[in-house]
Amino acid sequence: MRDSVLVVGSGMMGSGIGAMAALAGRKAILLDLDRERAEQGRKKAMDCIRFRADNGLNTEEEAFRAAGLLECSDNLEEACARAFLVIEAIVENVEVKQEMFARLDGMLPREVPICSNTSGLRITDISSKCVCAERTVTTHFWLPAHLVPLVEVVMGDRTDEAVAVRVRDELKTWKKAPVLVKKDLPGQLANRVFQAIIRESIDIVASGLASAEDVDTAISCGMAMRFPVWGPLKHLDAIGLELGLSVQETVLPSISGDKTANDYLKRMVTEGNLGVKTGQGFYDWKERSIEKDMAKRDQFIIEAVKATAKLDSE
Ligand SMILES: NC(=O)c1ccc[n+]([C@@H]2O[C@H](COP(=O)([O-])OP(=O)(O)OC[C@H]3O[C@@H](n4cnc5c(N)ncnc54)[C@H](O)[C@@H]3O)[C@@H](O)[C@H]2O)c1
């Protein structure tokens, strides 16, 4: 019986994805190269489930049920026989993914969607050796997959839109916020926007307009405060498009339109200032703790997810 979500690769991303499937009431199989790694993945998924329940993102009942729905495996053929949806989350290497997709394509009936959690590769290339490439699609979960709601569902050149819509609708039942991306381009959707923000942020620092810390503060304490419920396009509608147009015409000529990375960033890399790992990047990390900042970031995501869920239900 095809009643399971098969997650191929039970590492950092796969374990979070498996946890979300199980919390949605789906049977979830976490598959890895061997039994031991798959079991480690299942344990990590259990930790994700516990973390969500402890922080009020799922009920104890949901967590208890999810724990019983998670299993692990190292037998691809047997797992494929039970899968109604497959999500691949193995290493980010196009040849390795192509080989896995060709195997999955040969083992699964054509109505079973095969998804990749790739962060940067094209699903069109990953599925190039598949006979039924129309059932392949990217499902790009954001790290940490058990906390961040966004999943980018990206169509390849040969993806059937009906399949992408079916996958998106399934993910909606997982407490996810999936978006449909209709072209297979670098950066998918969200990273295209994020890169534009990063480009301007670096340019502001490079030109001496403000410090790195002040750029981050301006974003974190300004626009980011409303982003969970109020995206930039909704903002334009709210202020009036004629005002939005006039601001664009004033500001766009003086902001960065660079098509290559800023020399300032290139120089930092050449000088060995790589950020946290070398102790110096835009910030001096010798006195700061990234672990503390990460814990704060995750706690904020939890509170934002709870707050938006509450507001959406009102
Ligand atoms: N880590 C991130 O921030 C992030 C965010 C979004 C997407 N992604 C993407 O998700 C995918 C997985 O990333 P990750 O960070 O979870 O990696 P990871 O190294 O933590 O996990 C990969 C897992 O896949 C297993 N694996 C490798 N080859 C396999 C095979 N042939 N069959 C079964 N299992 C196999 C490995 O043993 C490992 O457990 C990558 O494509 C990555 O680009 C990562």
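This is a predicted model: local features need pLDDT of at least 70, side-chain atom pairs count only at pLDDT 80 or more; totals for chains, interfaces and linings use all residues.
## Helices against the sheet

Strand β1 (residues 4-8) runs parallel to strand β2 (residues 27-31), and five bridges join the two. Within this pairing, Ser4 has Lys27 of β2 as its bridge partner.

Strand β6 (residues 136-141) is mostly covered, with six of its six residues buried. The burial extends to both faces: Thr136, Thr138 and His140 lie on one side, and Val137, Thr139 and Phe141 on the other.

Strand β5 (residues 114-116) runs parallel to β6 and is joined to it by three bridges; here Cys115 stands opposite Val137. With strand β7 (residues 150-155), β6 pairs in the antiparallel sense over five bridges, and His140 stands opposite Glu152 of β7.

In soluble globular proteins, nonpolar side chains tend to be buried together. The largest nonpolar core of this model holds 56 residues, of which Leu6, Val7 and Val86 touch the most other members. Helix α1 (residues 12-23) supplies the largest share of this core, seven residues.

Leu6 illustrates how separate parts of the sequence meet. Apart from its neighbours within four places in sequence, Leu6 is in contact with Ile29, Leu31, Ala79, Cys80, Ala83 and Val86.

## The chain as a whole

The protein chain contains 13 helices and eight strands. Its radius of gyration is 21 Å, close to the 20 Å that the globule rule gives for 314 residues, so the chain is as compact as a globular protein of that length. Taken along the principal axes, the C-alpha atoms fill a box of roughly 60 × 45 × 40 Å.

Of the 314 residues, 31% count as buried. Among contacts between residues at least 6 apart in sequence, 66% join residues at least 24 apart.

Notes: Residues are numbered from 1 along each chain as its sequence is written. A residue is buried if 20 or more other C-beta atoms lie within 10 Å of its own, exposed if 12 or fewer, and partly exposed in between; C-beta atoms are placed from the backbone. Helices (H or I, at least four residues) and strands (E, at least two) are DSSP runs, numbered from the N terminus. Two strands pair if DSSP finds at least two bridges between them. The radius of gyration is taken over C-alpha atoms; the globule rule is 2.2 Å times the number of residues to the power 0.38. Two residues are in contact if their C-beta atoms, placed from the backbone, lie within 7 Å. A nonpolar core is a set of buried Ala, Val, Leu, Ile, Met, Phe, Trp, Tyr and Cys residues joined through C-beta atoms within 7 Å.
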